Amino acid sequence: MSGDIERTAAKRMSVHGVATPRAPDHGAATRGAATRVALLEAAKEVFITSGFAEAGVTDVVRRAEASVGSLYHHFSGKADLYLTLFEEFQQRQTQRTRDAVQAARAAGETDPMPQFLAGARAYLEGCLNERDLAALFLQGDAPPGFEVTMRDRLRQWARRTAALFEHEDALVVVVTGALAAVVQEVTLSEDPEAARRIAEEALALIGGIRRP
């Protein structure tokens, strides 16, 4: 028996006497990623249904059919779940707007206002397509300090807009402020068709702003 153990150990040693690394367990990584996705999806449903303040970690793990330990393996707690949902939503929104602006440029559009409107329309469409989630972030029921995160995102948005409208700071303030108001109105609307109509009418008004 001791000889078998020694031979097994020897097989795990390199010619330099260093243990050969074990092959990565891809199955465990896949299961871990699937658990993370399930926890986020469950958290989204619980937050939308119950609100952040009333939601509990046990509600999330029960819906995800996971364990409390697995939740704390991937996230630090309820607030981390909420903030991760927000960050991933914002990543999707950023990609939507970037794709729309790039498509407008590829079609030959050189004027910054139509480019901005293309990106804004894509952002609003994303809010409508993920309305329940987008509304969650606008209803005020959030982790402490979330308003700071929202303000930081608004500043990032303004900087991206400023990159389109060079040296037109006042215009950037006006169009980003107007669009922020439209986002809130459209996202919280109970009537999707009315929301789309408001979005298009608002974008037409923004597009008609006279530039200096």
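Q: How many helices and how many strands does the protein chain have?
A: This is a predicted model. From the N terminus on, its elements run α-α-α-α-α-α-α-α-α-α. The count for the protein chain is therefore zero strands and, by runs of at least four residues, ten helices.

Q: What percentage of the residues of the protein chain count as buried?
A: A residue counts as buried when its relative accessible area is under 20%. The protein chain has 212 residues, and the share that count as buried is 36%.

Q: Which element supplies the largest share of the largest nonpolar core?
A: The largest nonpolar core has 47 residues, and Phe47, Phe116, Phe137 and Leu179 touch the most other members. At least two residues of this core come from each of α2 (26-50), α3 (57-64), α5, α6, α7, α8, α9 and α10 (192-207). The largest share is eight residues, and the element that supplies them is α6.

Q: Which residues is phenylalanine 137 in contact with, leaving aside its neighbours within four places in sequence?
A: Phe137 is one of the residues that touch the most other members of the largest nonpolar core. Leaving aside neighbours within four places in sequence, the contacts of phenylalanine 137 are Tyr82, Leu85, Phe86, Phe89, Phe146 and Met150.

Q: Is glutamate 130 buried or exposed?
A: Look for glutamate 130 in the loop between α6 (112-129) and α7 (131-136). Its relative accessible area is 18%. The cut-off for buried is under 20%, so glutamate 130 is buried.

Q: Which residue has a side chain joined to that of glutamate 130 by a polar contact of 2.8 Å?
A: Not counting residues up to four places away in sequence, glutamate 130 touches Phe89, Arg92 and Arg96. The polar contact of 2.8 Å links the side chain of glutamate 130 to that of arginine 96.

Q: Which element gives the largest share of the lining of the largest pocket?
A: The largest pocket is lined by 32 residues, and Gln90, Tyr123, Arg153, Trp157 and Arg160 lie nearest its centre. At least two lining residues come from each of α5 (78-106), α6, α8 (146-164) and α9 (169-188). The largest share, ten residues, comes from α5.

Q: How many residues of the lining of the largest pocket are nonpolar?
A: The largest pocket has a volume of about 770 Å³. Its lining includes nine polar and five charged residues, while the number of nonpolar residues is 18.

Terms used:
Residues numbered from 1 in each chain as written. Predicted model: local features only at pLDDT ≥ 70, side-chain atom pairs only at ≥ 80, totals over all residues. Heavy atoms only, no water. Buried < 20%, exposed > 50% of the residue type's maximum accessible area, 1.4 Å probe, protein only. Polar contact = N/O pair within 3.5 Å; in protein donor to acceptor, adjacent residues only side chain to side chain. Contact = heavy atoms within 4.5 Å. 1 Å grid on protein atoms, 1.4 Å probe; cavity = no way out; pocket = protein on both sides within 12 Å on 5 of 7 lines; lining within 4 Å. Points joined across faces, edges and corners; volume = space filled by probe spheres on them. Nonpolar A, V, L, I, M, F, W, Y, C, P; charged D, E, K, R; others polar. Core = buried A, V, L, I, M, F, W, Y, C linked by side-chain atoms within 4.5 Å.
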